Amino acid sequence: MTSQSSPLPVMAAAAARPAGLVATLTAWRVPLTILALCLLPWVLPSKALAVNVLIYGLIAVGYNLLFGYTGLLSFGHAAFFGAGAYATGIAIGQFGLPWFVAVALGVVFGGALAVVIGLLSIRTRGIYFSMVTLALSQLVYYAALQASSWTGGENGLRGFTVAKISLFGVAVDFLNPVAKYYVLMIFAALALWLVSRILNSPFGAAIEAIRENETRARACGYDVERTKLLSFTLSGLICALAGTMSALHLAIVPLDTLHYHTSGMIVMMTLLGGAGSFFGPFVGALAFLLMEDVISLWTSHWQIVVGSVFILFVLFLPKGIWGTALSWRAGR
Amino acid sequence: MTTMINSRFPSPSRRTVLMAAGASLVAAPWVANAQGADTVRIGFPTPLTGPFAAEARDQVRSAELAVKLINDKGGVAGRKVELLVRDDKLNAGEAATRTLELIEKDKAHAIVGALSSAVQLAVNEVTRARGVIYVSISQSDTINEVKDFSRFTFHEALNPHMTTAAVAKHTFKRGSKVAYLVADYAYGHEMLRGFKRAQAALGAESVGEILHPFGAPDYSTFMPRLRAMRPDILCIANFGRDQANSIKQAVDFGMNRNARIVVPVLLHNQRLAIGPDAFAGVVGGANYYWGLEQSIPSAKAFNDAFRAAHGGAVPTDYGAYGFTGVYSLLLAMQAAGGTDTDKVVAALEELKYDVAKGAQSYRKCDHQSMQSVLVLESKKRADMKGDADLFNVLATEPASETMLRTCSELGFPA
């Protein structure tokens with residue numbers, strides 16, 4: 001449970017040195033992140049990879065709300081990601097709805113699923129919570145596999161390519177990778193602002209209180225179950241938004257989206273970047289996808305390299321990339 | 001940043017060194033990505049990692065051979081051809097991303113590849129939206145159907161319908177009792193559908209079917225159930241390592257004593273991996289077997305070129321797809337005099353080619369390659385004349401449109 005203890009010294013140090021770099025980063029975290037996102041497609045080897053970083057970064061940020069800040073290790077977030085993606089694809093492909101309606105539907109559907117799964121799982125703790133979320137998300141996986149007339153089953157959902165969109169009256173060529181990136185970035189930026197706002201609110205303090213000491217939070221008068229459920233739902237909503245972005249990006253929804261491998265990858269990215277920090281999950285997603293993309297170009301044995309890097313990080317940088325960078329800056 | 005760290009640490013710590021090493025590892029490839037402006041670039045996404053890696057590596061080798069042969073003859077309209085191989089990890093989302101990269105960043109002129117039904121449909125979705133030619137080299141019935149078709153979509157591989165029809169024709173008889181063990185995903189489902197259709201036409205009967213999870217290592221629980229069905233024919237419809245594992249275990253359980261084991265596609269690599277004893281007498285279809293060289297000159301030429309490039313090794317069935325897929329596309333580009341998509345599509349539709357296995361051509365309505373289907377039987381150890389002498393060719397179903405579903409059945413306007 002390194003994630004539970006790691007952010008605390010960082011924050012304490014930041015508070016002790018209000019003029020430090022960490023404090024500046026924290027105060028300006030949303031504009032800084034958006035600035036970094038604006039530059040991303042020009043720094044990375046390809047635009048398609050940049051969109052993937054955007055999507056997986058957002059999932060990891062959403063997941064981190066639950067894992068890093070509320071202290072709940074869920075293994076079922078692929079369900080919300082996939083639900084958002086499928087709902088968007090079906091809304092466009094089968095009902096011919098406009099893309100922005102489909103995005104809204106995807107987020108609402110994923111969020112609704114998060115409420116249901118949250119209600120069923122939130123009263124369990126620790127490993128039991130992980131197992132219940134894993135089981136429920138596998139339920140969603142098999143439902144999608146069976147409902148092949150809706151989801152395309154094993155072959156995945158296809159036939160909803162969005163080629164042109166109209167954004168506030170301006171026609172945008174959605175097949176153009178740069179245009180696609182910046183349109184999707186708007187959604188990511190809004191979601192990041194929302195997450196930042198949530199973390200700065202009293203609610204943000206409440207979920208961290210639950211993470212640190214659930215009994216004490218309850219004694220202080222917080223309704224722990226409701227707070228956890230709200231955090232779970234918000235986290236699910238962000239993941240569902242990432243799902244709708246993924247559907248628009250790839251114009252397919254593979255069944256693998258719902259697979260527990262996806263849930264595992266989300267956990268991995270969050271840990272790699274640093275759970276419990278705002279930037280961390282994004283950095284983790286970036287590092288993960290970049291390594292995979294670049295090393296698999298060199299050698300078909302890329303898994304050995306990526307695996308070794310993970311082992312090194314777990315051994316030497318347990319706070320993740322960003323978490324470690326923060327604690328160095330904060331003066332250890 | 002470095003100075004700051006150094007001011008805190010007397011000498012660079014282990015972490016600093018590791019991080020620097022990691023950073024430089026990640027930073028290097030930007031340099032290596034420059035492309036020649038006038039080359040013809042063929043994108044080749046294929047699952048170099050995962051359960052189909054052996055087949056994928058063969059595809060790459062044969063595709064590289066096709067590119068080399070064309071380049072040796074002067075390339076396409078004087079331009080050199082370049083094959084851009086990418087690992088799609090047998091994951092549809094990854095394949096779609098890789099295909100986007102190939103089109104947007106590498107400016108690939110056409111895409112060939114993929115090795116699963118779901119993955120090829122994902123690649124097809126990306127290419128058809130962007131008007132890029134895609135030659136699929138993996139079995140699928142769905143890609144022929146009007147919903148997934150586009151005029152940029154070509155299917156070089158056999159499809160489950162024609163494969164199962166040919167295999168069933170030479171193994172099922174009136175009154176045969178067939179039990180099915182089927183991988184529970186698109187490939188298995190499509191093969192099962194094809195076999196059942198052929199079975200009904202031939203007057204055989206089904207005594208039961210069992211679905212097994214994709215990638216299952218253990219089939220022992222299925223075998224007693226299959227034996228209780230008392231089949232004459234045990235039809236095992238799965239792919240890759242699953243085929244090797246399931247046949248081996250079926251033979252361990254003595255299933256082959258009372259029933260003949262039939263598979264839709266008898267895989268060269270899996271037979272090599274497991275050895276002759278478990279596979280002896282197993283019958284299945286194939287797009288290619290190197291033994292064709294005795295009767296087909298183009299097969300001899302392909303085998304000889306492959307042997308020369310790979311130290312005497314012979315090409316495999318799935319490897320041959322890589323060759324015929326890339327070669328036919330490049331022939332069409334030569335005929336079109338360049339890479340103009342409309343001209344290449346027209347040239348592919350008109351193309352009559354014989355590059356490895358006899359006459360082939362793409363049907364107009366669904367762009368399915370009409371080609372021969374081989375029915376192979378795995379040899380006993382005693383009958384093998386060498387390590388590569390794996391199969392007897394029981395029959396060759398000649399290339400014909402009658403093996404395919406009709407255009408109107410696929411949903412195309414008559």
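## An enclosed strand in chain B

Six is the number of this strand of chain B, and 6 of the 7 residues of strand 6 (residues 177–183) are buried, so it is largely enclosed by the rest of the structure. A residue is buried if 20 or more other C-beta atoms lie within 10 Å of its own, exposed if 12 or fewer, and partly exposed in between, with C-beta atoms placed from the backbone. Helices (H or I, at least four residues) and strands (E, at least two) are DSSP runs, numbered from the N terminus. Strand 6 of chain B pairs in the parallel sense with strand 7 (residues 205–212) of chain B over 7 bridges, and Val178(B) has Ser206(B) in strand 7 as its bridge partner. Two strands pair if DSSP finds at least two bridges between them.

The model is predicted: local features need pLDDT of at least 70 and side-chain atom pairs count only at pLDDT 80 or more, whereas totals for chains, interfaces and linings use all residues. Residues are numbered from 1 along each chain as its sequence is written, and chains are lettered from A and ligands numbered from 1 in the order in which they are written.

## The parallel sheet of chain B

In chain B, 5 strands form an open sheet in the order 2-1-3-4-5, with parallel pairing. Strand 2 (81–87) and strand 5 (153–155) of chain B stand at its edges, each with a single partner strand, so one side of each is left without a neighbour in the sheet. From one strand to the next the twist averages 20°, where axes are lines fitted to C-alpha atoms, for helices over the stretch in contact, and angles run from 0 to 180 degrees between N-to-C directions. Strand 4 (residues 133–136) of chain B is joined to strand 5 of chain B by 3 bridges in the parallel sense, and Tyr134(B) has Thr153(B) in strand 5 as its bridge partner.

Helix 3 (residues 53–72) of chain B packs on this sheet, touching strand 1 (40–46), strand 2 and strand 3 (110–113) of chain B, and its direction makes about 170° with that of strand 2. Helix 5 (residues 117–129) of chain B lies across strand 1, strand 3, strand 4 and strand 5 of chain B, running at about 165° to strand 4.

## Helix 3 of chain B

Helix 3 of chain B has 20 residues and reaches 28 Å from its first C-alpha to its last, close to the 28 Å expected at 1.5 Å a residue; the expected span is 1.5 Å times one less than the number of residues. Its buried residues include Ala53(B), Glu55(B), Asp58(B), Leu65(B) and Ile70(B). Among the elements that cover the buried residues of helix 3 are helix 11 (268–274), helix 13 (297–309) and helix 14 (317–336) of chain B. Gly74(B), which follows helix 3 of chain B, has a positive phi near 105°.

## The antiparallel sheet of chain B

A further open sheet of chain B has 3 strands in the order 11-12-13, and the pairing is antiparallel. Its edge strands are strand 11 (352–353) and strand 13 (369–370) of chain B, each of which pairs on one side only. Strand 12 (residues 360–362) and strand 13 of chain B are joined by 2 bridges, and Ser361(B) has Met370(B) in strand 13 as its bridge partner.

## Chain A and its helix 14

Chain A has 17 helices and 2 strands. Its radius of gyration is 19 Å, close to the 20 Å that the globule rule gives for 332 residues, so chain A is as compact as a globular protein of that length; the radius is taken over C-alpha atoms, and the rule is 2.2 Å times the number of residues to the power 0.38. Buried residues make up 52% of the 332 residues in chain A.

Helix 14 (residues 260–273) of chain A has 14 residues and reaches 20 Å from its first C-alpha to its last. Its buried residues, among them Thr262(A), Met265(A) and Leu272(A), pack against helix 5, helix 6 (78–93), helix 8 (126–146), helix 15, helix 16 and helix 17 (320–329) of chain A.

## The interface

32 residues of chain A are in contact with 32 residues of chain B, contact meaning that the C-beta atoms of two residues, placed from the backbone, lie within 7 Å. Helix 5 (47–69), helix 15 (280–298) and helix 16 (302–316) of chain A each supply at least two residues of the side that touches chain B, and the largest share, 5 residues, comes from helix 15 of chain A.
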